[in-house]
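Here's a quick briefing on a single-chain model, going from the overall fold down to one residue. Have a look at the structure first, then read on.

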Amino acid sequence: VRQGGQKNWTKPDAPWGTLKKARDDAEAARFLTQATFGPTAKEIARVRKLGYAGWLNDQFSKPVTKHLPYVQKRRKELLARSGGNSDGWQMPRQEAWWQNAIAAPDQLRQRMAFALSEILVVSDVGVLDGSHEGITNYYDLLLKHSFGNFRKLLEEVTLSPIMGQYLSMVRNQKPNPVTGSQPDENYAREVVQLFTIGLNELNPDGTLKLNSEGMPIPTYGQSDILGLARVFTGWGYGYNPAKPPSNLRNHFLWGARDEMRPMIQYPEFHDKGEKRIVGGVIVPAGQKGEQDLKIALDTLFNHPNVGPFIGRQLIQRFVTSNPSPGYVYRVASAFNNNGKGVRGDLKATIRAVLLDPEARNPKYTESLTYGKLREPLLRLTHLFRAFKA
């Protein structure tokens, strides 16, 4: 998707009007195609009765349908059936995903977690291929925060042992002048580039900011990544506080992987020097690792890019692959302020995505650049839900 650039940004024009209720079953089904894993006759009737906003409010009120309880129960069943020889490997986790996609009542939350899983990515290919319950717990973390605040989500993702393994932040150590080793830069780079602000500075509508020569303006440089890598030192696997390890140093370096508890700080391995990070922010020397982490995540969360950067991706996953600058601007505005002065409210953000005129006014579907192809995965869930598989 090509992003235009502007030297002197101007606010986008107001859109066409929107519809508050579906006028027929087709419009209700179109809304549910965006907001769920597939329309059903029952949900089409509910959308027509409640209206779009009413249906969203009903979904926001539903409790979380987690994946982990199913996975744990299913693994025990398979172990018992096989005499302890097989827990099904990745099958129970995949079953849990399909069961919830097809049958969970909190459909919007399940769709939101799926979208977030395509942004805040981990993978079961590679280092995590045997981490079945850990990956499931990570997905439940996304479900938990789907309608919460992006700042809290970002922190829990950062301290997830699954993310820690996938992007090699776990057991990241301060520089060692004797060996010459330096902190791992992997998570530092990805949390900036993929999870929060992207590569280049953006206008509030997602278009590129341009410098005096008409060129994009980078959001960060290598020195910023080096600073963030030093911020993310000293984090290791958690443990049961009722039974702490006898030797914390050894536990940090070689202890058992706890994939269910958040990572914790091991002060001996944290770099306490002054650090410069994104935006020229200085992280003072002598602080605890938790204090450094807060400054770093607050800096990224409050960067003006986050609203349009995350907002565009949510629009692309729910509604249309090529949203207009105006659409991105309105969603980013909801992210920046939910109407009550709160930044990062994902409930307000997804409400803006699904109720925007470009999502609800059928006039927009006349454009040849509007809409999106359904991923094959969503085509299947739509089929299964429609025919009660």
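This is a predicted model, and its chain holds 17 helices and six strands. The radius of gyration comes out at 23 Å, close to the 21 Å that the globule rule gives for 389 residues, so the chain is as compact as a globular protein of that length.

**Overall shape and packing**
- Of the 389 residues in the chain, 49% are buried.
- Take the contacts with a separation of 6 or more: 71% of them are between residues 24 or more positions apart.

**A look at Ile-44**
- You'll find Ile-44 in helix α2, which covers residues 41-60.
- Is Ile-44 buried or exposed? Its relative accessibility is 15%, so Ile-44 counts as buried, the cut-off being under 20%.
- Setting aside neighbours within four places in sequence, Ile-44 is in contact with Asp-25, Ala-28, Ala-29, Leu-32 and Pro-39.
- Asp-87 is another matter: Ile-44 and Asp-87 are 43 residues apart in sequence, and their C-alpha atoms are 39 Å apart in space.

Technical notes: Residues numbered from 1 in each chain as written. Predicted model: local features only at pLDDT ≥ 70, side-chain atom pairs only at ≥ 80, totals over all residues. Heavy atoms only, no water. Helix = DSSP H or I, 4+ residues; strand = E, 2+ residues; numbered from the N terminus. Rg over C-alpha atoms; globule rule 2.2 N^0.38 Å. Buried < 20%, exposed > 50% of the residue type's maximum accessible area, 1.4 Å probe, protein only. Contact = heavy atoms within 4.5 Å.
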